[in-house]
Amino acid sequence: MKNLKSPSPIGLFAALCMIALGFALPAAAQSGGLAMLDGLTKGEWTIKYRDGMPERKVCVRTGEELIQLRHPENGCSRFVVEDATSRVTVQYTCPGNGYGRTNIRKETGDLVQIDSQGIASGLPFQFAAEARRTGGC
């Protein structure tokens, strides 16, 4: 029979730290500041949908206007899934009007690619689009 030893205090401390870190990571992801969007050039942006929907113009002041294109209302809760140098992913819920998940990939400060899907007004949606700064607003 193998002789089992009690864990050392240092090993036990290391294990507890790893467990605590595992619980802290989701909180860190949620509190992201969306720095990539802050770096976009402010002004009027034109969104061209790849599925042939009509173009749409959006006045970008913070960059966050590009996250909820199918849910323009305020009061939606957001969870930042990813906030990297050139990409953000945000999942959001709008009480009474559905939810969505949007991924925005920055090519330049004036050009991004957007992929979004979810439920709006009881109907599913999914789209891919290119957004480009086209002037002032």
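The questions and answers below concern a predicted model.

Q: What percentage of the contacts with a separation of 6 or more comes from residues 24 or more positions apart?
A: The protein chain has 137 residues, of which 31% are buried. Among its contacts with a separation of 6 or more, the share that joins residues 24 or more positions apart is 45%.

Q: Which residues have the most contacts inside the largest nonpolar core?
A: In soluble globular proteins, nonpolar side chains tend to be buried together. Here the largest nonpolar core has 26 residues, and α2 (35–38), β1, β2 (56–60), β4 (87–94), β6 (111–120) and β7 each supply at least two residues of this core. Those with the most contacts inside this core are L37, I47, L66, I104, V112 and I114.

Q: Which residues is L66 in contact with, leaving aside its neighbours within four places in sequence?
A: L66 is listed with the residues that have the most contacts inside the largest nonpolar core. Once neighbours within four places in sequence are left aside, the contacts of L66 are L40, I47, V60, T102, I104, V112 and I114.

Q: How is the pair formed by the rings of Y49 and F127 classed, stacked or edge-to-face?
A: A search of the whole structure finds 2 aromatic pairs. In the pair of Y49 and F127 the ring centres are 5.2 Å apart and the planes stand at 75 degrees; because planes over 60 degrees apart count as edge-to-face, this pair is edge-to-face.

Q: How many residues apart in sequence are the parts that the pair of Y49 and F127 ties together?
A: Y49 is buried, with a relative accessible area of 8%, and F127 is also buried, with a relative accessible area of 5%. Y49 belongs to strand β1 (residues 43–49) and F127 to strand β7 (residues 123–135), so the parts that their pair ties together are separated in sequence by 78 residues.

Q: Which aromatic cluster contains the pair of F125 and F127, and why is this pair stacked?
A: The ring centres of F125 and F127 lie 6.2 Å apart with their planes at 25 degrees, so the pair is stacked, as planes under 30 degrees apart are. F125 counts as buried because its relative accessibility is 8%, which is under the 20% limit. The one aromatic cluster is formed by Y49, F125 and F127.

Q: What distance separates the C-alpha atoms of Y92 and R78?
A: Y92 lies in strand β4 and is buried, with a relative accessible area of 1%. Leaving aside neighbours within four places in sequence, Y92 is in contact with residues including Q68, H71, R78 and F125. Although Y92 and R78 are 14 residues apart along the chain, their C-alpha atoms are separated by 4.2 Å.

Q: Which residues lie nearest the centre of the largest pocket?
A: The largest pocket holds about 180 Å³ of space. By class, its lining has 3 nonpolar, 5 polar and 5 charged residues. Of the 13 residues that line the largest pocket, those nearest its centre are E65, Q68, H71, P72 and R78.

Q: Is K42 exposed, partly exposed or buried?
A: K42 lies in the loop between α2 and β1, and its C-alpha atom is 7.1 Å from that of T62, 20 residues apart along the chain. Not counting residues up to four places away in sequence, K42 touches L37, V60, R61, T62 and R133. Because its relative accessibility is 34%, K42 counts as partly exposed.

Q: How far apart in space are G96 and A120, C-alpha to C-alpha?
A: G96 is found in the loop between β4 and β5 (98–108), and at 90% relative accessibility G96 counts as exposed. G96 and A120 are 24 residues apart in sequence, and their C-alpha to C-alpha distance in space is 9.3 Å.

Q: Near what value is the phi of S121?
A: S121 lies in the loop between β6 and β7 and is exposed, with a relative accessible area of 60%. The phi of S121 is positive, in a residue other than glycine, and is near 55 degrees.

Definitions and conventions. Residues numbered from 1 in each chain as written. Predicted model: local features only at pLDDT ≥ 70, side-chain atom pairs only at ≥ 80, totals over all residues. Heavy atoms only, no water. 1 Å grid on protein atoms, 1.4 Å probe; cavity = no way out; pocket = protein on both sides within 12 Å on 5 of 7 lines; lining within 4 Å. Points joined across faces, edges and corners; volume = space filled by probe spheres on them. Nonpolar A, V, L, I, M, F, W, Y, C, P; charged D, E, K, R; others polar. Phe/Tyr/Trp six-rings, centres within 6.5 Å; stacked < 30°, edge-to-face > 60°. Helix = DSSP H or I, 4+ residues; strand = E, 2+ residues; numbered from the N terminus. Buried < 20%, exposed > 50% of the residue type's maximum accessible area, 1.4 Å probe, protein only. Core = buried A, V, L, I, M, F, W, Y, C linked by side-chain atoms within 4.5 Å. Contact = heavy atoms within 4.5 Å.
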